[in-house]
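Hi everyone, thanks for coming.

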Amino acid sequence: MTTPRQLLYGLALVAALCLLIWMQQQRITTAEARADIATERLQTANERNARQAQTITRLTGEVATQRLAQLSVQQTTAGVRQEHATDQVQKKEQRREDPPHANWAAQPLPAAARRLHQRPAITGADGYRQWLSSRHALHAQPSGASH
């Protein structure tokens with residue numbers, strides 16, 4: 001082999017090594033960029049998980065508070081129902097023990113009071129308007145009438 005040929009082979013070898021080193025450097029840069037992106041995504045996911053954990057903790061506390069409030073409402077309702085039942089029993093006993101009260105309660109309602117309680121089944125606004133129109137409405141006095 002001659003020296004120029006060896007020189008050309010040597011240059012080609014150096015060029016190939018440089019190209020190989022440059023390609024490896026590009027792969028390393030790309031891998032570092034991917035690693036940076038993965039690190040950012042991991043950080044974002046961790047932050048999102050932390051926010052979700054806080055939300056879960058807050059919602060768990062709110063659910064517990066609402067359950068306590070609901071239990072309180074149920075207890076209050078039970079108490080009111082018990083008081084109502086007791087009141088009804090006392091009213092029945094009073095009617096039994098007080099003849100004038102029983103006689104008064106047995107009387108039918110006066111006609112005016114019965115009319116107040118009479119109302120047909122009304123469906124919709126038109127039905128209500130028609131029912132109001134068919135009642136004994138008061139008419140305005142003529143403008144020249146004196147008081």
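Let's start with R58, which is partly exposed, at a relative accessible area of 45%. By that I mean between the two cut-offs: buried is under 20% relative accessible area and exposed is over 50%, with a 1.4 Å probe and protein chains only. Before going on, a word on the source: this is a predicted model, where local features need pLDDT of at least 70 and side-chain atom pairs count only at pLDDT 80 or more, while totals for chains, interfaces and linings use all residues. Residues are numbered from 1 along each chain as its sequence is written, and side-chain values use heavy atoms, leaving out hydrogens and water.

So what does R58 pair with? It forms a salt bridge with E62, with the closest N and O atoms 3.0 Å apart. A salt bridge here is a side-chain nitrogen of Lys or Arg within 4 Å of a carboxyl oxygen of Asp or Glu. Both residues sit in helix α1, four residues apart, about one turn of the helix; helices are DSSP runs of H or I, at least four residues, numbered from the N terminus. E62 is partly exposed too, at 36%.

How many salt bridges does a search of the whole structure find? Three. Another one joins K91 to D87, at 3.6 Å between the closest N and O atoms. K91 is partly exposed at 35% relative accessibility, and D87 is partly exposed at 32%.

Then there are R129 and D126, whose side chains meet at 2.9 Å, N to O. They lie in helix α4, residues 124-134, and D126 is exposed, at 53%.

How values were computed: Helix = DSSP H or I, 4+ residues; strand = E, 2+ residues; numbered from the N terminus.
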